[in-house]
Amino acid sequence: GIGPALGVGLGFALASLGLDGIPDRAPVGASDWVLPIMGAALIAACAGELLTKGAKAHALRWLLRLGLVAVIVFGPLKRPWGNQWEGVEAAYWLGGITLWMPLALAASDRTAAKASPFAAGLVWTAFIGGLVPVVFGAGVTAQSQIAGGVAAAIGGVTLAAWLGRKTLPHLRAVGTLVVVYTAMLLAVSWQFVSDMAWWELGVIAATPIAIALVDVIPGLRGLSVFKRQAVRIVLVVAATAAVSGHHAPELIKELTGAGGSDDPYGDYYESLGG
């Protein structure tokens, strides 16, 4: 289903270009990489759905996804890799990231397959929308606003799923965009780039995988479709409330003009001028 993915991609592009404008330089800081990575993810997600069918489609989809993982590791994470991680620590971090993304992508595939398009879209809308306060709290103000645009776009796809019901294709490609965008939100929010706490990063990274476990754990797998969806929603709300709840007052102050972050990017490497 490329239509829903194109809708989410358009929502991201409008929010990103509307807030940050058209880039006038090659990517330098982590924030600079979000737009090109998301563009590549949209192309990869759509190509995996369009070009082939059957086993070839599955192999192509994962080849493109592994390419995205490599681009993220050697793109926005290259500077932290060289400046912050050394020796065994670098191996742990890079190995963890390289394993997490495919696992999260596989989890998003399972969610798309086991839940209806409406149910999957609802969970992903709540997830990305729930991350807005914590990304803002990390000091990445522009990206928190863009996240709101992405959540709204997924919400639009979800509404289309509800209206179209049987006519709307699955949201596997949208799930790919959700995972890649989550990875980029984490990339711009690392403690040595912005100010996200490590435990917050861990909860966010674990949530897409936990959502899929609802359809795997025996005790939950036997529940009705409606009850399993309720568990997914409760899980997402609990996870995002845990990481975002204490940042919400600060965000509300910013939205009402009573305060907030003065730094629109919160990107350490950008503050160094490259």
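Visitor: How many helices and strands does the protein chain have?

Guide: In this predicted model, the protein chain has 14 helices and 0 strands. Read from the N terminus on, the order of elements is therefore α-α-α-α-α-α-α-α-α-α-α-α-α-α.

Visitor: What share of the residues counts as buried?

Guide: Of the 274 residues of the protein chain, 48% are buried. For contacts with a separation of 6 or more, 77% join residues 24 or more positions apart.

Visitor: Which residues touch the most other members of the largest nonpolar core?

Guide: In soluble globular proteins, nonpolar side chains tend to be buried together. Here the largest nonpolar core has 74 residues, and W124, I128 and Y181 touch the most other members. Helix α9 (residues 172-187) contributes the largest share of this core, 12 residues.

Visitor: What is I128 in contact with, leaving aside its neighbours within four places in sequence?

Guide: I128 is in contact with A147, V150, A151, I154, V178, Y181 and T182.

Visitor: Which residues form a nonpolar patch on the surface?

Guide: The patch consists of F118, L122, L159, W162 and L163, which together have about 480 Å² of accessible area. Helices α6 (117-130) and α8 (141-164) each supply at least two of its residues, and α8 gives the most, with 3.

Visitor: Is F118 buried, exposed or partly exposed?

Guide: F118, in helix α6, has a relative accessible area of 33%. Buried means under 20% and exposed over 50%, so F118 counts as partly exposed.

Key:
Residues are numbered from 1 along each chain as its sequence is written. This is a predicted model: local features need pLDDT of at least 70, side-chain atom pairs count only at pLDDT 80 or more; totals for chains, interfaces and linings use all residues. Side-chain values use heavy atoms; hydrogens and water are left out. A nonpolar core is a set of buried Ala, Val, Leu, Ile, Met, Phe, Trp, Tyr and Cys residues joined through side-chain atoms within 4.5 Å. Buried means under 20% relative accessible area, exposed over 50%, partly exposed in between (1.4 Å probe, protein chains only). Helices (H or I, at least four residues) and strands (E, at least two) are DSSP runs, numbered from the N terminus. Contact means heavy atoms within 4.5 Å. Patches are made of residues with over 30% relative accessible area and no salt bridge: like charges are joined within 9 Å, nonpolar side chains (Val, Leu, Ile, Met, Phe, Trp, Tyr) within 5 Å. Accessible areas come from the Shrake-Rupley method with a 1.4 Å probe; for residues, only the protein chains shown count as cover. A salt bridge is a side-chain nitrogen of Lys or Arg within 4 Å of a carboxyl oxygen of Asp or Glu.
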